[in-house]
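Please look over the structure below, and then read the briefing that follows, which is arranged by topic.

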Amino acid sequence: MTKFSFLLMAFVFFVSDASAQDKYQDELLADLTYLASDDLKGRANFSPEIDVAADYIQNRFKEIGLKPFRGEKSFLQAVPVYKYAVTEANLKLNNTVIDGVNLAVVSTADGDSSFNLDMLSVTHVGPGQELKTELRQLNMLGGNHLVLIDNSHVKWFNIYRNYFSRGLTKKSLSERGTLFLVLTDLTSVKSAVADAEVKLEIKELFNVVGVLPGQELKDEYVLYSSHYDHLGMMPEDQSSSADKDRIFNGADDNASGTSAVINLAAQFAAQNKNKRTLIFSAFSGEEIGGFGSKFFSKQLDPAKIIAMVNIEMIGKPSKFGPGITWITGPKRSNFMTLINNYLEPEGIKVHADPYPDQRLFYRSDNASLAKFGVPAHSFSTTQLDKDIHYHQVTDDVSTLNLESMNNVVNTIKLFSEGINDGTITPSRIEPKPEQASGKIY
Ligand SMILES: [Zn+2]
């Protein structure tokens, strides 16, 4: 081999490597732009458009060459969700009909139910008591309750009324119970007649899960994830004029993370050298309480997940500068230390979450796995304290800095290579005992 041809080959190699990087950068932009497009109407949970988004991600996973999870036929992982809506409720106390504005009802009793005073336990919440605490206790108890709430609690009563009016979304069928909340001067009652009509709908959300099987350490999993759902559209009555943008495009939250996960899948598949098994998951239901990741966490043995890299809002420069990412819960495992040691020769560093008071570790899908001991952290760049687009209809692609985002994806890719090949094994996180959840709402 002559020197010339060697140089030529090196040159060709360099060009193809550079053009491969261009290709991934273009794909990142294409995926991001599509997921954040108006066509998907803000990817609301239970909307037809989120299914279109899931389909898009599924097709990308297929194209990249991922395999469905656990040999299943599809990349779509159905997450059952139970929605309860009180469609009608009436209450008469001491033979007087209670006005609807002073009544809030929440129920997990499917169908029609009627109550008299003997069937309800009565609680009075006086001016000096804390409404939230009283309601929480009843919620933990379950059963059927009439709660007489002093008028001084009007503000919180209305918050609960508004919350209950949207119905309940639950991850399992609940124990049955109904709460009738009444804003009133009464402290006790002689008679009560109540009825509630409740509609239970069983719906599905879909996680999109793809796998790149490991070449040596097949039973050691590395999970790459993001949520792809967002807030949908602003209701017409809340927007000021007809032509105003009503779509929550969620470009940063979290089309950015989702396109990053797809991108990492494409790059790792092309590298074809991962010793560990890589799982890529686009979670649904994050914005309504982490339904997708909570369900996912029960579908496999968390002890086999060596690390979880959750990507959440990486579209804009962080507080530390463009292209620099930070990690949530940096002290909960040695994940940050290990990846920073690994990245040191590259002159790159991942910072600790600069907003510890915001408890971000618990505010994304990583928490669903961390509670079982998985070193599960989120990577982000958001400047939550000053981002005027967060959860607004203005969270569009035009507000993102694509070069910064691309550099973050590259950083994540670099340290992930060390996890994928077995070099980096973070310490486990202290598991958290399952918290008892309310029996009604
Ligand atoms: Zn969000």
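**Valine 309 and its surroundings**

Leaving aside its neighbours within four places in sequence, valine 309 is in contact (heavy atoms within 4.5 Å) with Leu223, Tyr224, Ser225, Phe335, His377, Phe379, Ile412, Phe415 and Ile419. This is a predicted model, in which local features need pLDDT of at least 70 and side-chain atom pairs count only at pLDDT 80 or more, while totals for chains, interfaces and linings use all residues. Residues are numbered from 1 along each chain as its sequence is written, and side-chain values use heavy atoms, with hydrogens and water left out.

**Nonpolar cores**

- A nonpolar core is a set of buried Ala, Val, Leu, Ile, Met, Phe, Trp, Tyr and Cys residues joined through side-chain atoms within 4.5 Å, where buried means under 20% relative accessible area, exposed over 50% and partly exposed in between (1.4 Å probe, protein chains only).
- The largest such core has 53 residues, of which Tyr228, Phe280, Val309, Phe335, Phe379 and Phe415 touch the most other members.
- Helix α5 supplies the largest share of this core, ten residues.
- Val125, Phe157, Val198 and Tyr441 are included in a second, separate core of 20 residues.

**Helices α2 and α5**

- Helices are DSSP runs (H or I, at least four residues), as are strands (E, at least two), numbered from the N terminus.
- Helix α2 (residues 48–64) packs against helix α5 (residues 251–271) at an angle of about 15°, with the axes, lines fitted to C-alpha atoms over the stretch in contact and compared by N-to-C direction from 0 to 180 degrees, lying 9 Å apart.

**Asparagine 116**

- Asparagine 116, in strand β5 (residues 111–116), counts as partly exposed because its relative accessibility is 35%.
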